[in-house]
Amino acid sequence: MKSIKVTDVGQIKNELNKYRRGKKLEIRQFNQAARLAWLGKVTLMPLDPEDPETRSYLLYLDYPEGLSARIVDVDEDLVGRIFVLDGEQATFLAEIVEQGVRERAALYEDLNRRDFYFGKFYTPGVDEDEAGG
């Protein structure tokens, strides 16, 4: 087992505080993470749920699949990795996940209720005899 020599306790405390606060993603990275969040391709977990002072989260960004993989541009160095994320950005990403689930569910509900037949085979105001039917 490898040992680490402790020479500067202050430096270790500073490093620990960095993890407790987390790090913000750059604007470009956050936008890409938000797109993946909308698609449900993120995992967020508190870094230390037992410590009330720790506000950072672990963020994992998964690869998009199917059609979204062809359309949504994501940097390769962003997906498939775990980040220690700032609590404020983590909260916003969680809200985007929820928004994405609601909006996708609404699309599926609309699709389930949609009547394709009448939109393609029925023209209001045209008599069937005149239409050749």
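A salt bridge here is a side-chain nitrogen of Lys or Arg within 4 Å of a carboxyl oxygen of Asp or Glu. By that rule, lysine 24 and aspartate 86 form one, at 2.9 Å from N to O, and the structure holds nine salt bridges. The model is predicted, so local features need pLDDT of at least 70 and side-chain atom pairs pLDDT 80 or more, while totals for chains, interfaces and linings use all residues. Residues are numbered from 1 along each chain as its sequence is written, and side-chain values use heavy atoms, with hydrogens and water left out.

**Lysine 24 and aspartate 86**
- Aspartate 86 is buried at 14% relative accessible area (buried is under 20%, exposed over 50%, partly exposed in between; 1.4 Å probe, protein chains only).
- Lysine 24 is partly exposed at 42%.

**Around arginine 20**
- Glutamate 53 and arginine 20 form a salt bridge, with their closest N and O atoms 3.9 Å apart.
- Glutamate 53 is in the loop between strands E1 (42-46) and E2 (57-61) and arginine 20 in helix H1 (residues 9-21), so this pair ties together parts 33 residues apart in sequence (helices are DSSP runs of H or I, at least four residues, and strands of E, at least two, numbered from the N terminus).
- Arg20, Asp51 and Glu53 are linked in a salt-bridge network.

**Arginine 104**
- Arginine 104 is buried without a salt bridge, and glutamate 103, its nearest side chain of opposite charge, is 7.6 Å away (Lys and Arg count as positive, Asp and Glu as negative; His and chain ends are not counted).
- Beyond neighbours within four places in sequence, arginine 104 is in contact with Trp38, Leu39 and Gly40 (heavy atoms within 4.5 Å).
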